[in-house]
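This briefing goes with the structure shown below and is arranged by topic. Please keep the sequence and the coordinates at hand while reading.

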Amino acid sequence: MTTLVTESPEEAASFIRSGGIAAFPTETVYGLGADAFDADAVRKVFEAKGRPADNPLIVHVADAEQIDLVVDTLPGSARALMEHFFPGALTLVLPKSNRIPAIVTAGLQTVGVRMPGLPRTLAFLGACGRPVAAPSANRSGRPSPTTWEAVLDDLDGRIPCVLRGERSRVGLESTVVDCSTGTPVILRAGAISVDLLRGVVSTIEGPRSDTIARSPGMRHRHYAPQAHVVLVRRAPALPSGRPAYIGLEPPLLPDAYRILKTPATKEAYAYELFDFMRRCDAEHVDVIYCQEVDAEGVGLAIMDRLRRAAAAH
Ligand code: TXA
Ligand code: MG
């Protein structure tokens, strides 16, 4: 199959409307979508990605009416979070409506719902005219794509269409909060920090090892570049192999590194991380040194992704 790259949200949406799949930009990372009400279409997403069937998809909505089609009940905590963070980089796990087929939620009675904030995404979702189930648009196990080119690196010839858009402004996936049982719990650290969430719902629990079991996706191999990922306090002065480095502090001997990224802030680190990992693969780097950050703000999500990337080998 040849993969069409289009600038037109309507053209990309026509694939979704006719039971097919298409990749599209969001402010967090690129997604690979299908009609959330069409089990056969959603199956194509799992196949193209090589995604395990026990890992549920997030359903993307354009407006409040679509939320009502997707979820069964809306607890007060979810209403408050939606009011503050929709549209944006937040996914809420809620009791699912009967219209959502089991394949979307991997058989769970809950569904992840997100309303992205990027105008281009909303134009695409609006043209689809229905909720769109979409995981990140990478081959399963690889870093999430933050550019349309990265989508093609993983899925060229495996999907019929990519909606071309800007590089994802955030660079890391949405924060996932489970609002389906009493006290809301963070299942995946992400773009929206724990402190910001607690400013709205003070009782929200942070990610804990036992809650990770509730987010099936967190059990799988993730975010792995081909190179070996090593977490460091400081850049090594004499790195081995064909090394690369990313960190807030520059190394003593910058020339020792094949690829070097020294973002000025944690937000910039998050923005660069997945793109940097993919560049390392393209340049056949064999060791990636990643400087640890403190777990405040988006630092928690950065450390989560770094630990997973390091554990993948
Ligand atoms: O920013 C994002 O969230 C991107 C963009 C495309 O929206 N999407 C994304 O999707 O990262 P994906 O499939 O790569 O990650 C979805 C995460 C997984 O960890 C999955 O297990 C969790 O959300 N999830 C989805 N539905 C769930 C549910 N019903 N219960 C618990 N966890 C759920
Ligand atoms: Mg993913």
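How much space lies in the largest cavity? About 40 Å³ lies there, in what is a predicted model throughout. A search of the whole structure finds 1 cavity of 30 Å³ or more, and the residues that line the largest cavity are Thr175, Ile186, Ala189, Gly190, Ile192, Ser193, Val194, Gly297, Leu300 and Ala301.

**The parallel sheet**

- Four strands form an open sheet, with parallel pairing and the order β11-β14-β12-β13.
- The edge positions are taken by β11 (228-232) and β13 (259-261), each of which has a single partner strand, so that one side of each is left without a neighbour in the sheet.
- From one strand to the next, the twist averages 15 degrees.
- Helix α10 (residues 266-282) packs on this sheet and touches β12, β13 and β14, with a direction that makes about 170 degrees with that of β12.
- Helix α11 (residues 299-311) lies across β11 and β14, and runs at about 135 degrees to β11.

**Strand β14 and its partners**

- Strand β14 (residues 287-291) is joined by 4 bridges to the parallel strand β12 (residues 243-246), while its parallel pairing with β11 extends over 5 bridges.
- Valine 287 of β14 is the bridge partner of proline 243, and histidine 228 also stands opposite valine 287.
- Further along β14, cysteine 290 has isoleucine 246 opposite.

- Strand β3 (31-35) is mostly covered, 5 of its 5 residues being buried.
- A hairpin through 6 residues joins β2 to β3, and these two strands run antiparallel with 3 bridges between them.
- Within this pairing, alanine 23 has leucine 32 of β3 as its bridge partner.
- Strand β3 is also joined to β7 by 2 bridges in the antiparallel sense, and aspartate 35 stands opposite valine 132 in β7.

**Arginine 130**

- Arginine 130 lies in the loop between α6 (119-128) and β7 (132-134).
- Its side chain makes a polar contact of 3.2 Å with the side chain of aspartate 35, the residue that stands opposite valine 132 in β7.
- A polar atom of the arginine 130 side chain also lies 3.0 Å from the backbone oxygen of cysteine 128.
- When residues up to four places away in sequence are not counted, arginine 130 touches Arg17, Asp35, Gln66 and Leu125.

- Helix α7 (148-155) is largely enclosed by the rest of the structure, because 6 of its 8 residues are buried.
- The buried residues of α7 are Trp148, Ala150, Val151, Leu152, Asp154 and Leu155.
- Glycine 157 follows α7 and has a positive phi, near 85 degrees.

- The side chains of serine 144 and glutamate 173 are joined by a polar contact of 2.5 Å.
- Leaving aside neighbours within four places in sequence, serine 144 is in contact with Val29, Ser136, Asn138, Glu173, Tyr223, Phe274 and Arg278.
- Glycine 241 has its place in the loop between β11 and β12, and is exposed because its relative accessible area is 62%, where exposed means over 50%.
- Glycine 241 and arginine 139 are 102 residues apart along the chain, and their C-alpha atoms are separated by 27 Å.

Note on methods: Residues numbered from 1 in each chain as written. Chains lettered and ligands numbered in written order. Predicted model: local features only at pLDDT ≥ 70, side-chain atom pairs only at ≥ 80, totals over all residues. Heavy atoms only, no water. Pairing = 2+ DSSP bridges. Axes fitted to C-alpha atoms, helices over the stretch in contact; angles between N-to-C directions. Contact = heavy atoms within 4.5 Å. Polar contact = N/O pair within 3.5 Å; in protein donor to acceptor, adjacent residues only side chain to side chain. 1 Å grid on protein atoms, 1.4 Å probe; cavity = no way out; pocket = protein on both sides within 12 Å on 5 of 7 lines; lining within 4 Å. Points joined across faces, edges and corners; volume = space filled by probe spheres on them. Buried < 20%, exposed > 50% of the residue type's maximum accessible area, 1.4 Å probe, protein only.
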